[in-house]
Amino acid sequence: MIEKADKITLRVALSAWGVGAYLVACETELVPQHLSVSGRLPEIWLHWQVWLLAGILLFAIRDVLDR
């Protein structure tokens, strides 16, 4: 069961970081306008720092579960 939780938290953490990277790319206008989510989502979801922190917390949880 711990192995499954470990695998899930790793995947979710990496996914959160992927979303954060995509939002940084949108913010710096590296993503074409028709693929950008700027102005289409509620403001709280567009902060890439939230997604970065979520990934960090999930990695910390994963580390605690491994002990």
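This is a predicted model: local features need pLDDT of at least 70, side-chain atom pairs count only at pLDDT 80 or more; totals for chains, interfaces and linings use all residues.
Two helices are considered here, H1 spanning residues 2-27 and H2 spanning residues 48-66. Their axes lie 8 Å apart, and the helices pack at an angle of about 165 degrees. Since angles over 145 degrees are assigned to that class, H1 and H2 are therefore roughly antiparallel to each other. The crossing of H1 with H2 is left-handed. Sorted by class, the residues in the contact of H1 with H2 comprise 19 nonpolar, three polar and four charged.

Several residues illustrate the contact between the helices. Aspartate 6 belongs to helix H1. The relative accessibility of aspartate 6 is 19%, so this residue counts as buried, the cut-off being under 20%. Beyond the residues up to four places away in sequence, aspartate 6 touches Arg62 and Asp66. Threonine 9 is also located in helix H1 and has a relative accessible area of 11%, so threonine 9 is buried. With residues up to four places away in sequence not counted, threonine 9 touches Leu58 and Arg62.

Arginine 62 lies in helix H2. Its neighbours within four places in sequence aside, arginine 62 is in contact with Asp6, Thr9 and Leu10. The relative accessibility of arginine 62 is 21%, and this residue therefore counts as partly exposed. The C-alpha atom of arginine 62 is separated by 35 Å from that of proline 32, a residue 30 positions away along the chain.

Lysine 4 is likewise part of helix H1. With a relative accessible area of 60%, lysine 4 is exposed. Between the C-alpha atoms of lysine 4 and leucine 35 the separation is 34 Å, with the two residues 31 positions apart along the chain.

Turning to the nonpolar residues, the largest nonpolar core consists of six residues, namely Leu23, Ala25, Cys26, Val31, Val37 and Leu46. In soluble globular proteins, nonpolar side chains tend to be buried together. One member of this core, valine 31, is in contact with Tyr22, Ala25, Cys26 and Ser36 when its neighbours within four places in sequence are left aside.

Leucine 46, another member of the core, is located in the loop between H1 and H2. Its relative accessibility is 17%, so leucine 46 counts as buried. Apart from its neighbours within four places in sequence, leucine 46 is in contact with Leu23, Val37, Ser38, Gly39 and Leu41. Of these, Leu23 and Val37 are listed in the core. The C-alpha atoms of leucine 46 and tyrosine 22 are separated by 10.0 Å, and these residues are 24 positions apart along the chain.

Glutamate 29 also lies in the loop between H1 and H2. At 69% relative accessibility, glutamate 29 counts as exposed, the cut-off for that class being over 50%. The backbone of glutamate 29 has a positive phi of about 60 degrees, although this residue is not a glycine. Most residues other than glycine have a negative phi.

Definitions and conventions: Residues are numbered from 1 along each chain as its sequence is written. Side-chain values use heavy atoms; hydrogens and water are left out. Axes are lines fitted to C-alpha atoms, for helices over the stretch in contact, and angles run from 0 to 180 degrees between N-to-C directions. Helices (H or I, at least four residues) and strands (E, at least two) are DSSP runs, numbered from the N terminus. Angles under 35 degrees count as roughly parallel, over 145 as roughly antiparallel, 65 to 115 as roughly perpendicular and the rest as oblique. A crossing is left-handed if the near helix is turned anticlockwise from the far one by less than a right angle, and right-handed if clockwise. Ala, Val, Leu, Ile, Met, Phe, Trp, Tyr, Cys and Pro count as nonpolar, Asp, Glu, Lys and Arg as charged, and the others, Gly among them, as polar. Buried means under 20% relative accessible area, exposed over 50%, partly exposed in between (1.4 Å probe, protein chains only). Contact means heavy atoms within 4.5 Å. A nonpolar core is a set of buried Ala, Val, Leu, Ile, Met, Phe, Trp, Tyr and Cys residues joined through side-chain atoms within 4.5 Å.
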